[in-house]
Structures are given as structure tokens and as C-alpha cells.
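Dear colleague,

I am passing on the structure below, and after it you will find my notes on what turned up when I went through it. Please read them with the model open beside you.

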Amino acid sequence: RLPRAAIAGRLYLSSGRSRRLRMAELDATGIAHPDQQAVTDAALANGIGLIVVDPFVKSHQLDENANAQIDAAATAWAEIAEATGAAVLLVHHVRKGGADKAGDVDVARGAKALTDAARSAALLTPMSAEEARHLSVPERERWRHVRLDDAKANMAPRAEAAQWFRLESVKLGNATQPYPHGDSVAAIAAWKPPSPFRQLSAAECTRALDKIAAGTGDGAAFSAHRSGRATERWAGSVLVRGFKLDEADAARVIAAWLRSGLLLEEEYRHPTQRKLRMGVRVVDARRPTVSAAETGNLN
């Protein structure tokens, strides 16, 4: 619903089909930059504050795998940014097989000089099957979801804390009598994972915590993780068996309670086995109030 008047004189598009952009190319003397000054002049003349180049590979005619050449192409765009004060966003592709490595800048295709030259880098990654299970997204809907990570950070955030987007179908409103359905296009929208607490009332949270606090019934405490022999006494099993949560949502609830300090993992002595084991303890002082529980603010 953005009217054309709102972007008139502010948005400039060039397909590059009638005339390719030649930001860097080889000539008899080395690497030339035929269009660098023209782009700089156009940005200054029109007060452009953001230049988006999609894709970067179409803005030059150099060897994509040659570090020295790609560094020259990236430097040309950096010089335009400095001369105009505009931000320059270079859209680039990942190499084959690199689409599942969230936040890893090294999946970028071609020479590493491009990502080295970038002031910052963001990476769009499709939702993995494991992330879909963790976030309770049906497999048939997984393809719609992508995450955006700072690819120059040391670590990508966990799936629940990542910045997520979802592909939606938007009608263009161009239906006519001979073309009654009109056209639809894909558009990206911000998306947040469904809260794992959406199926739990305040009273149910209280009862679940009481059961976890009581332990497994044989003197053992529930465990924080579902691995190895600890699977049978995993705290999330209380939520699965008693409150009909699936394992993915149960794991997210337990993880949220551990992060908040409501559950504390600590060493204890098993009363009958007489050995030290790891288990969880409910910290009553951190139990949510009824009002917080009712609004789902339990983490």
C-alpha cells in the first residue's frame, strides 16, 4: 500500500539489461573503472543515500575467484560510498552446499577479498529441518522461512533468538473480468517463532513446576537434557506426558526456564545409588506470577 507519490524522485532503478554496469574490467593497462565516476555523479546529483547492487557479480567483468581483481571491484564501490556518503549494499550469492551454515561469512561464493573488504556482512539462510522441529514449524512450511544473521560476528545466535522472515503471497489487486484472480507475488515479512508457552495456562505451568520439583519418584531429580540414560528422566517429559506438548515445544520451555534461572542445574547425591548426579531444581523465588504466566511471559 505504498503510493507511488511517496517514492517519486527518491527511488531510481536500472535493470542493467540495456546497458551493463562496468564498475571494473580488465584493459590493456590493468583494471579500469569505466562507470565509477558516472555512478558517483548520479548519486550526488540525486541525493541518493543507499545504493543496492543486485547481484554484485553483474557490476564488474572480472574473475570472481581472483582476490586481487575482486578487491579492486569492491574498492571501487567503497570509494563511491566515501565520495557520496551513501551506503552501498552488494548482494552476493553463496557457493553450492553453503546455504545451511547460518552466520558463516565464508560460505560466500568466489574470492574471499569481497567479504574481507566489507564493513559488515549479513547472511540469509533457509530454515533447516532441525530448526523447523525446534521452532514447531511444519515441514511443509519450512521452505517459507529464512533467517538473517550478522555474518561477521563470531557466532550466529541460537535459532530462537535469530532474526527470522517468512515468504508470504501478496495479491497485486489487478484482477479484471477476463482475468478474475489477478496476480500474486512473493513478499518477505518479519516472523517470530510461536511461543512454546502458548499451550500452557498459568495453573498448568505451576503444576508442571511442582511435578519437576518433586522429582522422578525414586529419589532422583529430573535432568535438564534428554541425552543418553538421562532421556527417561528429562524434565521436558513432564510437559510431554502431562500437558500434551510435543518434544520440540517442551524442550523450548525447559530451555527458557533454565535461561531465566527458574530451573537450576546442579549436582546432587542420589539417595539410593549414593553417587553424585546432575539434576534440576526449581527456584521458587523465580516462579512467575499468575499475571505473567497468563500473558505467556514465562521465560
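This is a predicted model: local features need pLDDT of at least 70, side-chain atom pairs count only at pLDDT 80 or more; totals for chains, interfaces and linings use all residues.

Residues are numbered from 1 along each chain as its sequence is written, and side-chain values use heavy atoms, with hydrogens and water left out.

The chain as a whole

The protein chain has nine helices and ten strands, these being DSSP runs numbered from the N terminus (H or I over at least four residues for helices, E over at least two for strands). Its radius of gyration is 27 Å, well over the 19 Å that the globule rule gives for 299 residues, so the chain is more spread out than a compact globule; the radius is taken over C-alpha atoms, and the rule is 2.2 Å times the number of residues to the power 0.38. Along the principal axes, the C-alpha atoms fill a box of roughly 85 × 55 × 30 Å. Of the 299 residues in the protein chain, 34% are buried.

The aromatic pairs

The structure holds two aromatic pairs, meaning rings of Phe, Tyr and Trp (its six-membered ring) with centres within 6.5 Å, called stacked if the planes are under 30 degrees apart, edge-to-face if over 60 and tilted for the rest. Trp164 and Trp191 form an edge-to-face pair, at 6.2 Å centre to centre and with 90° between the planes. This pair links distant parts of the chain, since Trp164 belongs to strand β7 (residues 163–171) and Trp191 to strand β8 (residues 184–191), 27 residues apart. Trp164 is buried, with a relative accessible area of 2%, and Trp191 is buried as well, at 17%.

The other pair brings us back to Trp257, which forms a tilted pair with Phe197, at 6.0 Å centre to centre and with 50° between the planes. Phe197 lies in the loop between β8 and α6 (202–214) and Trp257 in helix α8 (residues 247–260), so the pair ties together parts that are 60 residues apart in sequence. Phe197 is buried too, with a relative accessible area of 3%.

Conventions
Buried means under 20% relative accessible area, exposed over 50%, partly exposed in between (1.4 Å probe, protein chains only).
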